[in-house]
Amino acid sequence: MMIQLKGKNAILYRRVSTTEQKKHGSSLSSQKDTLREFCKKNEINIIKEYEEDYSAKNFERPSIQNLLKFAKENRNQIDYILISSWDRFARDVSGALNVIKNSKNYNIEINAIDHWIDHNDPNSYIILLMHLGIPEVDNLNRSIKVKIGMRQGLKEGRWNMRQPIGYIKGRDENG
């Protein structure tokens, strides 16, 4: 990395998709370690840290909203919002670009430590679009596969949705 980060101030953001991943996974602690190590190595001051267990399919997430509010209110003391990778930030290209643009208006740069983007180089924009687009496409493909699987389950006589009111939740001998 060729830019000077020493003495810059950053907010760190980490995310997993589910509470189950938060409770039983190691991704949040791994993200925390890599982000903190990056800041230590580059002598970046950590102003605040945020984490959450929400899907990144949109920006209606409590921690990211609190982070963006804090960043806006303290924009004169913040240089970066750092994430470990772009898929931890968003799986929604248009929403992500909007948040990146709004942050840029406050002179705050959002960047991923594993795929750093030079926001001043117009040619880097295509790389950013790829980093943001691949996770969104992945979500769309997963959604299609889940719907196909649910349809097939219904064809085979399995009830794979919430049970109707008055029915007891359970499984038969075939699961």
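Over the chain, pLDDT averages 88, and 92% of the residues score at least 70.

This is a predicted model, so local features need pLDDT of at least 70 and side-chain atom pairs 80 or more, while totals for chains, interfaces and linings use all residues. Residues are numbered from 1 along each chain as its sequence is written, and side-chain values use heavy atoms, leaving out hydrogens and water.

Two residues to look at (buried is under 20% relative accessible area, exposed over 50%, partly exposed in between; 1.4 Å probe, protein chains only):

| Residue | Relative accessible area | State |
|---|---|---|
| Asn 9 | 17% | buried |
| Val 146 | 49% | partly exposed |

Asn 9 sits in strand β1 (residues 9–16). Its C-alpha atom is 4.7 Å from that of Asn 45, 36 residues away along the chain. The two side chains also make a polar contact at 3.0 Å (a pair of N or O atoms within 3.5 Å; within protein, one must be able to donate a hydrogen and the other to accept it, and residues adjacent in sequence count only if both atoms are side-chain atoms).

Val 146, for its part, belongs to helix α6 (residues 124–155).

Note on methods:
Helices (H or I, at least four residues) and strands (E, at least two) are DSSP runs, numbered from the N terminus. pLDDT is the predictor's confidence in each residue, from 0 to 100.
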